[in-house]
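Have a go at each task before you read its solution.

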Amino acid sequence: MSTAHERQYVELTAGYWSHLVIAGLVAGILMGVVMHEVMGMIQAVGALYGTEGTTAGWVFHLWHAIVFALVYGGFFMWGRLQPFHDRILASTTLGIVWATVLWVGAAGVLMPLWLGSVGVTAPSVPALNPVSGLGHVLYGGVVGGLSAALHKRL
């Protein structure tokens, strides 16, 4: 039989991670609009998995958005960052830093190498498109700010 404290912990933990999924989806949709409408390259995300369709690009892009939001949420498990998980400005700032790291590492290096390895024409490394950088900053700011706002409600 679980105690009231254990039930509260499970509820808080489930709420914490589900808020990150929501923030990742919202941020992913906004960033996806930039990728699809402005850059015309949402299909490249699908190409990483062997399909270049727009729908597949969106599905895989949103999957990445959720996974990277959950990784971002994991940073707050570190004691020094824990107090900032529900502080909107601090969390937004950390989200932007995380997204900048993703832009340089994942979009700038990993994605072109991955595309090349599956036989798709890929940009040279590093592929640091400024519009992509802005899309990543938008993603990180929304993940950080929205997740903190949702966490405040716990």
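**Exercise 1. Is Phe60 buried, partly exposed or exposed, and what does its ring pair with?**

Step 1. Phe60 has a relative accessible area of 24%. Buried means under 20% relative accessible area, exposed over 50%, and partly exposed in between, using a 1.4 Å probe and protein chains only. Phe60 is therefore partly exposed.

Step 2. A word on the source: this is a predicted model, where local features need pLDDT of at least 70 and side-chain atom pairs count only at pLDDT 80 or more, while totals for chains, interfaces and linings use all residues. Residues are numbered from 1 along each chain as its sequence is written, and side-chain values use heavy atoms, leaving out hydrogens and water.

Step 3. Now look for ring pairs: the structure holds 7 aromatic pairs. Rings of Phe, Tyr and Trp (its six-membered ring) pair if their centres lie within 6.5 Å; planes under 30 degrees apart count as stacked, over 60 as edge-to-face and the rest as tilted. Tyr49 and Phe60 have ring centres 4.0 Å apart and planes at 15°, so this pair is stacked.

Step 4. Helices here are DSSP runs (H or I, at least four residues), as are strands (E, at least two), numbered from the N terminus.

**Exercise 2. Which kind of aromatic pair do Tyr49 and Trp114 form?**

Step 1. The rings of Tyr49 and Trp114 are 5.2 Å apart, centre to centre, with 70° between the planes, and the pair is edge-to-face.

Step 2. Tyr49 lies in the loop between α2 and α3, and Trp114 in helix α4 (residues 88-117), so the pair ties together parts that are 65 residues apart in sequence.

Step 3. Trp114, with a relative accessible area of 29%, is partly exposed too.

**Exercise 3. Where is His61, and is it buried or exposed?**

Step 1. Find His61 in helix α3, which covers residues 54-75.

Step 2. The relative accessible area of His61 is 6%, so this residue is buried.

Step 3. Leaving aside residues up to four places away in sequence, His61 touches Gly28, Met31, Gly32, Met35, Ile42 and Val45. A contact here means heavy atoms within 4.5 Å.

**Exercise 4. Describe α4 and how it packs with α5.**

Step 1. Follow α4 to Leu110, where the helix bends by about 35°, and a proline, Pro112, follows within four residues. The bend at a residue is the angle between axes fitted to the seven residues ending there and the seven starting there.

Step 2. Among the buried residues of α4 are Trp98, Leu102, Trp103 and Met111. Their cover includes α2, α3 and α5.

Step 3. α4 and helix α5 (residues 130-152) pack at an angle of about 145°, with their axes 7 Å apart. Axes are lines fitted to C-alpha atoms, for helices over the stretch in contact, and angles run from 0 to 180 degrees between N-to-C directions.

Step 4. Just after α4, look for Gly119, which takes a positive phi of about 80°.

**Exercise 5. How many helices and strands does the protein chain have?**

Step 1. Count them: 5 helices and 0 strands.

Step 2. Read along the sequence, the pattern is α-α-α-α-α.

Step 3. Finish with burial: of the 154 residues in the protein chain, 38% are buried.
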